[in-house]
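This briefing covers a pocket, a sheet and a helix in one protein model. Please read it alongside the sequence and the coordinates.

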Amino acid sequence: MALITADRERFPDTPWQLVETHHEPGNAGTLETLFALGNGHLGIRGAHWAASDAELPGSFINGLHEIWDIKHAENAFGFARTGQRIIYIPDANNFTVIIDGETLSLAESDVLDYRRAVDFATGIYECRVTWHCRSGATVTTTERRAVGFASRGSLGISLEVASDREISADVTSSVINRQDQPVEDHSAHDPRRAGRHAGRVLLPVRTDGGDGSLRLSWQAAESGQRVGMAVDHWTSTGQQCFETVAGEDDSSVRYVLAVRAGEPFRLEKSVSYAAGRGVQDSEHDAAETAEAGLRPVEDIFTESREHYRAYWATSDIVVGGQPQLQQAIRWNLFQLAQATARADVAGIPAKGVTGSGYEGHYFWDQEVYLLPYLTYTNPDAARQVLEFRHDMLPAAKIRAKELSVDGALFPWRTINGLEASAYYAAGTAQFHIAAAIAFATSRYMWATGDEAFREGMGAELLIETARMWASLGFFGKDGLFHIHGVTGPDEYTAVVNDNLYTNVMARFNLSAAAAVEHPAIDDAERQLWVQAANRMQLPFDEDLEVYSQDNDFMTLEPWDWTTPRSKYPLLLHFHPLVIYRHQVLKQADTVLAMFLQWQDFTAEEKRRAFDFYDPITTGDSTLSACVQGIMAAEVGHPEAALDHFTNAAFIDLDDTHGNTIDGVHIASTGGVWSSLVCGFAGLRDQGHMPFFDPRLPAEWDSLTFHLKVRGRLLRVELDAGALTLSVRSGGPLDVDVRGRILRVGPEPLRVVLEPFECPEPTVFPGGPPTASLPVVHALG
């Protein structure tokens, strides 16, 4: 059921904000995700300040995690041994406001007016509520929040209380250790959701407080990671605090005062967190390190405004004539900034720092779905993510030996570099993560011309992943190179032979490594890689004239498409073995391969593949709609392209997958960027030069964005009849527009586009619905 688009009176389509104009019970946890703030390092969910009005409040630091020993019901060699889960850090966004003896809450109090918004242009959250108190007073509370950027561990919160008459106000500001609060473990019912630890996680190290200040630190029981925080309070009236209490799970600073009409009371709460390598290696207490990072609240707000002023100047994407889509696009771009801006040399969790979903792990999607955006908008940040992967090489080499392959085998899901996926069929078997890292490495080097990276870390990443592929695969009796026992991106077919996506990406990986000039590669190894790439098996069905997803996919029984929508996502309603033996996809797989390796397939091959696979793709994965939309645009299905794009843009805003409560689907937000830039503007890279083949939807007036390419800032403007290019900074850039080679400089260059003829969709023979699933239902 839609959320934002279902009630445009409550959630108006303002282009630079997400606004809620009145409060309604229900969906609180989902809205906490949608109104969250973050900077890639620190994140705070958009919960209301009153405990009774919050559903799943919390704050997170990227990479701060706890570990535990995975207990397998049936063990085997090489299974993942160490679980990792992101920690809820002690949360500062908590207030109790008592007016004339009445505790204010949206659930219990009389609300006269309500408005909250997160401003994409400034990164500032504001919630203003006007209350009619039982004492007769009309009181307005205004809370504002922002996270720091220059000071990435900083959080600023202000709470103002204003009244139409003199009132007695009792305001308590709290810090709560949410990690060790008793809550339900939802992961037993939905594997996409985060689990909880059985024992205590955060062990108190320091609990000091006095005169409105708190200095607190903890250490994770098993991982040993430390987190410290420093909190200072300031009041507009100079009011001294009534009480300061410091505890291991609940610390508070309380103010009791009279507030007169026309003289608002403002409480500012400056928070600084310290965690990560610097804290672990320091001899100082983590709270001392945090104290050094304290900033005045207004300075934190200023940092946020300045960051987003610079961000939007080159990262905004403007769609003409589509206000609802414009808001959704900017919300997605805002989430990308919040997930990546100050991650520094760290990974990007699948939920960013907006929630605990997927345990805070890093997956392949950071390379395939996020690094395109980062590479062309913030190449320094893209380099740092690749440096983070390079830091994992020692552990990846050890893991490769465990699985009897050479080179490096990166973990499917991880925080600390060790494999954390306990279900190998949909985890470790996804060897294609190696090619994702190699692909992102190649794209970064192509787009930036970073020679130092190319000769150092980039070469190592390409070489070690190529060695893994060369040893994982084999030359068969047919003389072709095969890769068996793998799972591709589509997790509804697992542990198969010659998955097309895996083989296509491995071929790219091997070829890219073979082209590297590096003393670690001898002639024999280089020749092996070349031969493996050239002889790679790519399954093809001669009858349907379609590339097969794997060697056996075309032999599988078709899925029963009369299965009711209430049974989706299938992974929550059918045993994996039921799904594995049917022709049904969780997400784009072969189609994704043809997007990423666009030069390896003809237009006809792409069109037939899209036409065959799109109808049997459930979209149960949030990674699918954006890719399906990109390829729909390329092969000439404009309506399908726009439908898939719109689906992707509103995945979280409308909570279409039912798990936005656990955090933003960050990879999907990256896919929205790619849908606009690669789908409708038709950008393809890693050829001789940037290539554009636009497909602007008929409903749109225009599409405008910028790309950072090889030291230039390229402005791209697309309308119904032309593509206009200009270089805003840097020297001229050669660009290919539908086969025309153009030199683009500072003066806008307008290229007239001929209308694209849309072919009729391919019609494939179909059969009757399968008979097996009703039997399964009956037996179940």
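The notes below take the pocket, the sheet and the helix in turn. The model is predicted, so to speak of local features requires pLDDT of at least 70, side-chain atom pairs count only at pLDDT 80 or more, and totals for chains, interfaces and linings use all residues. Residues are numbered from 1 along each chain as its sequence is written, and side-chain values use heavy atoms, without hydrogens or water.

**Second largest pocket**
- Its volume is about 740 Å³, taken as the space filled by probe spheres set on grid points joined across faces, edges and corners.
- A pocket here is an open set of points on a 1 Å grid over the protein atoms alone, with protein on both sides within 12 Å along at least five of seven lines; lining residues have an atom within 4 Å of a point.
- Of the 32 lining residues, Asn62, Gly63, Gln225, Gly276 and Arg277 are closest to the centre.
- Strand E19 (265-275) and helices H2 (277-281), H3 (286-291) and H7 (379-391) each give two or more residues to the lining.

**Open sheet**
- Four strands lie in the order E27-E28-E32-E33, with mixed pairing; strands (E, at least two residues) and helices (H or I, at least four) are DSSP runs numbered from the N terminus.
- The edge strands, E27 (683-684) and E33 (740-744), each pair on one side only; pairing requires at least two DSSP bridges.
- E27 and E28 (residues 691-692) run antiparallel, joined by two bridges.

**Helix H15**
- Eight of the 11 residues of H15 (603-613) are buried, meaning under 20% relative accessible area with a 1.4 Å probe, protein chains only.
- Among the buried residues are Lys606, Arg607, Arg608 and Asp611.

Terms used
1 Å grid on protein atoms, 1.4 Å probe; cavity = no way out; pocket = protein on both sides within 12 Å on 5 of 7 lines; lining within 4 Å. Buried < 20%, exposed > 50% of the residue type's maximum accessible area, 1.4 Å probe, protein only.
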